[in-house]
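Please keep the sequence and the model in view while reading.

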Amino acid sequence: MAVWHDRLSAVPYNNMNLHTNQRTVARSVACTGVGVHSGKTATVTIKPAPVNHGIQFVRTDLMDSPGIAARFNMVVDTSLATVIGYNGFIISTIEHLMACFTGQGIDNALVELDNHEMPIMDGSGGPFAETIRSAGVKEQSGARCFFVVKEPIEIKSDGKFVGIYPDTTYKITYTIDYDHPLIGRQTCTVDVNDGTFETEIARARTFGFLEEYELMKHYGLAQGGSLDNVLVIDEDDVVNPGGLRFPDEFVRHKILDCIGDFSLLGMPILGHVVAKKSGHAFNHEFLKTFFDKKECWETQTIHNPESGNPGPKQLAI
Ligand SMILES: [Zn+2]
């Protein structure tokens with residue numbers, strides 16, 4: 001454990017992209033679009049929030065504007081998207097925006113929504129990332145607290161696998177394997193802190209197979225789905241006229257979803273996530289296991305001499 005602490009203390013100082021102080025958006029910004037499942041138009045407004053606030057969603061269309069923290073223990077459904085809920089109200093399809101908060105290093109924000117489902121925008125996190133970027137980022141005086149992985153944690157079931165391992169940064173390696181000539185087996189590794197989230201991951205779109213898409217439409221699901229916001233694949237190719245944004249756009253989108261799901265731990269992570277054939281439901285299973293296995297991680301602030309925060313400190317949780 002001492003060795004790991006030495007590594008932790010030595011490395012992050014050299015990583016200019018690892019923010020050690022908390023951050024929020026510099027001003028309020030908004031964007032509007034349709035919900036992919038409901039087809040309903042919704043406006044999402046992202047507002048600055050104080051230190052230790054975290055990410056909180058508020059339903060402004062409901063009486064008394066109830067709020068809910070974006071935490072894994074608030075998840076009520078993972079079948080088609082990640083949905084949080086509390087006391088009878090829900091916020092659906094939060095994962096792409098949540099991934100952008102993590103990818104862009106935003107710890108605190110108040111997210112107002114005037115419907116029950118987040119707008120899908122173009123099916124990726126790109127429009128949210130641009131919206132957050134347009135707001136600007138404000139560094140705050142409080143130190144960030146990290147989940148620091150000390151021992152591996154793994155779960156597996158029916159060919160699906162998720163594990164996390166000690167690392168000095170937040171890294172994700174994701175593998176998908178589809179019996180389809182265009183997709184096949186794709187593996188991608190990203191360092192979420194290295195500043196490439198917006199160019200390499202955020203713009204990867206959600207995807208679905210034409211048969212499933214037509215079936216969902218038939219049963220009244222995916223009411224807002226169109227070629228403008230879903231990458232649709234037929235027997236051997238992409239139906240969307242513009243084609244793919246990346247040759248491996250599929251696995252990149254799964255990484256976007258994974259970052260969004262793991263953001264529901266509520267704090268940044270120093271560890272390497274390895275996932276195979278996972279999805280929202282299995283990611284959520286992993287988060288519950290992670291939180292139960294408290295002997296495998298600890299929470300720490302990290303000293304950055306330039307930030308003025310107080311340095312390595314273990315916090316009780
Ligand atoms: Zn997604």
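The sections below treat the basis of the model, its helices, its salt bridges, its surface patches and some single residues.

## Basis of the model

This is a predicted model, in which local features need pLDDT of at least 70 and side-chain atom pairs count only at pLDDT 80 or more, while totals for chains, interfaces and linings use all residues. Residues are numbered from 1 along each chain as its sequence is written, and side-chain values use heavy atoms, with hydrogens and water left out.

Helices (H or I, at least four residues) and strands (E, at least two) are DSSP runs, numbered from the N terminus. Helix H2 spans residues 95–103 and is mostly covered, with 8 of its 9 residues buried. Buried means under 20% relative accessible area, exposed means over 50%, and partly exposed lies in between (1.4 Å probe, protein chains only). The buried residues of H2 are Glu95, His96, Leu97, Met98, Ala99, Cys100, Phe101 and Gly103. Phenylalanine 101 has a relative accessible area of 1%. Its C-alpha atom is separated by 8.1 Å from that of alanine 129, which is 28 residues away along the chain. Just after H2, glycine 105 takes a positive phi of about 70 degrees.

Helix H6 covers residues 249–262 and has 14 residues. From its first C-alpha to its last, H6 reaches 20 Å, close to the 20 Å expected at 1.5 Å a residue; the expected span is 1.5 Å times one less than the number of residues. H6 is also mostly covered, as 14 of its 14 residues are buried.

## Salt bridges

A search of the whole structure finds 12 salt bridges. Such a bridge is a side-chain nitrogen of Lys or Arg within 4 Å of a carboxyl oxygen of Asp or Glu. Which arginine meets glutamate 249 in a salt bridge? The partner is arginine 205, at 2.8 Å from N to O. Glutamate 249 lies in helix H6 and arginine 205 in the loop between helix H4 (197–201) and strand E16 (207–209), so the pair ties together parts that are 44 residues apart in sequence. Both residues, glutamate 249 and arginine 205, are buried.

Other pairs are set in other surroundings. Lysine 171 bridges to aspartate 167, with the closest N and O atoms 3.2 Å apart. Lysine 171 is partly exposed at 23% relative accessible area, whereas aspartate 167 is buried at 11%. Arginine 185 pairs with aspartate 177, with 3.7 Å between the closest N and O atoms. Here arginine 185 is exposed, with a relative accessible area of 58%, and aspartate 177 is partly exposed, with 39%.

## Surface patches

Patches are made of residues with over 30% relative accessible area and no salt bridge; like charges are joined within 9 Å, and nonpolar side chains (Val, Leu, Ile, Met, Phe, Trp, Tyr) within 5 Å. A negative patch is formed by Glu211, Glu212, Glu214, Glu235, Asp236 and Asp237. Asp and Glu count as negative, and Lys and Arg as positive; His and the chain ends are not counted. Glutamate 212 lies in helix H5 (residues 210–218) and is partly exposed, with a relative accessible area of 46%.

A nonpolar patch of about 410 Å² is made by Leu80, Leu215, Tyr219 and Leu221. Leucine 221 lies in the loop between H5 and strand E17 (231–233), and its relative accessibility of 34% makes it partly exposed.

Asparagine 52 is found in the loop between strand E3 (41–48) and strand E4 (55–59). Its phi is near 65 degrees, a positive value in a residue other than glycine, and the residue is exposed at 64% relative accessible area. Aspartate 158, in the loop between strand E12 (153–157) and strand E13 (160–165), likewise has a positive phi, near 50 degrees. At 75% relative accessibility, aspartate 158 counts as exposed.

Is cysteine 145 buried or exposed? Cysteine 145 is buried, with a relative accessible area of 13%, and lies in strand E11 (residues 145–149). Cysteine 145 and glycine 266 are 121 residues apart in sequence, and their C-alpha atoms are 9.8 Å apart in space.

Conventions. Accessible areas come from the Shrake-Rupley method with a 1.4 Å probe; for residues, only the protein chains shown count as cover. The place of a charge is taken as NZ of Lys, CZ of Arg, CG of Asp or CD of Glu.
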